[in-house]
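Subject: Structure handover

Hello,

Here is the structure for your work, followed by notes on what was found in it.

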Amino acid sequence: MSAEETRIAIPNSVLLAGLPPHCSLLFSAKAAKALTFADLATRLNRSEVSIAALFYGQLPASPADVDALSAALDIPRDTLLQSGVTGFPDRGRVAPMPPSEPFVYRLYEIVRNYGYAFKAVVNEKFGDGIMSAIAFSSKVEKEEDENGTWVVITLRGKWLPFSRW
């Protein structure tokens, strides 16, 4: 994709209004600098998904993140620190359930329709337990073949076996 074709993702005003206050600061600067999450991921040495989660207030920024964000977005370090970007996140309240945004709804639908199938296969391979969403990473890739363009979403969570007590 050429520079003039680069798409910069920012939330609409309704979604942004429901996010923590520091998110507006981050998204405004991201848009002004025309930076993608991939650009920022390189500068912060994190994954694109973790950077997006940070912008949506679902992950806190580390001191190193604050320094890198300050440099990348031209936001004074003290402004970032005072914005709440390093505070405790409030996960799970970004959107209503079930979600109404079509892409997010499709992810929800995948889990609703195939969640127990995933669980059964995972239980057969690993036993009784759960996949962590805390010791977790994810990535999004684009794949193309003769049948079209495909979204590949990898979810990687540490296996946590249930313990007897």
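From the N terminus on, the order of elements is α-α-α-α-α-α-α-β-β, which makes seven helices and two strands in the protein. Both kinds of element are DSSP runs numbered from the N terminus: helices are H or I with at least four residues, strands are E with at least two.

Before the details, the conventions. This is a predicted model, in which local features need pLDDT of at least 70 and side-chain atom pairs count only at pLDDT 80 or more, while totals for chains, interfaces and linings use all residues. Residues are numbered from 1 along each chain as its sequence is written, and side-chain values use heavy atoms, with hydrogens and water left out.

Overall figures

The C-alpha trace spans about 50 × 50 × 30 Å along its principal axes. The accessible surface comes to about 11,800 Å², and carbon and sulfur atoms hold 58% of that surface; the areas come from the Shrake-Rupley method with a 1.4 Å probe, and for residues only the protein chains shown count as cover. Of the 165 residues, 24% count as buried. Buried means under 20% relative accessible area, exposed means over 50%, and partly exposed is in between (1.4 Å probe, protein chains only). Among contacts with a separation of 6 or more, 52% come from residues 24 or more positions apart, a contact being heavy atoms within 4.5 Å.

The largest nonpolar core has 24 residues, and Leu26, Phe55, Leu69 and Leu73 touch the most other members. Helices α2 (21–33), α3 (37–44), α4 (48–55) and α5 (63–73) each supply at least two residues of this core, and α5 gives the most, with five. Such a core is a set of buried Ala, Val, Leu, Ile, Met, Phe, Trp, Tyr and Cys residues joined through side-chain atoms within 4.5 Å.

Leucine 26 touches Leu54, Phe55, Leu69, Leu73, Leu80 and Val85, leaving aside residues up to four places away in sequence. In α5, the buried residues are Asp65, Val66, Ala68, Leu69, Ser70, Ala72 and Leu73. The cover over the buried residues of α5 includes α2, α3, α4 and α6 (77–83).

Aspartate 74 sits in the loop between α5 and α6, and counts as exposed because its relative accessible area is 55%.

Asparagine 45, in the loop between α3 and α4, also has a positive phi, near 55°, and is a residue other than glycine. Asparagine 45 counts as exposed because its relative accessibility is 72%. From asparagine 45 to glutamine 58 there are 13 residues in sequence and 18 Å in space, C-alpha to C-alpha.

The strands

Strand β1 (residues 129–145) pairs with strand β2 (residues 148–161) in the antiparallel sense over 13 bridges. Two strands are taken to pair if DSSP finds at least two bridges between them. Isoleucine 130 stands opposite leucine 160 in β2.

Regards
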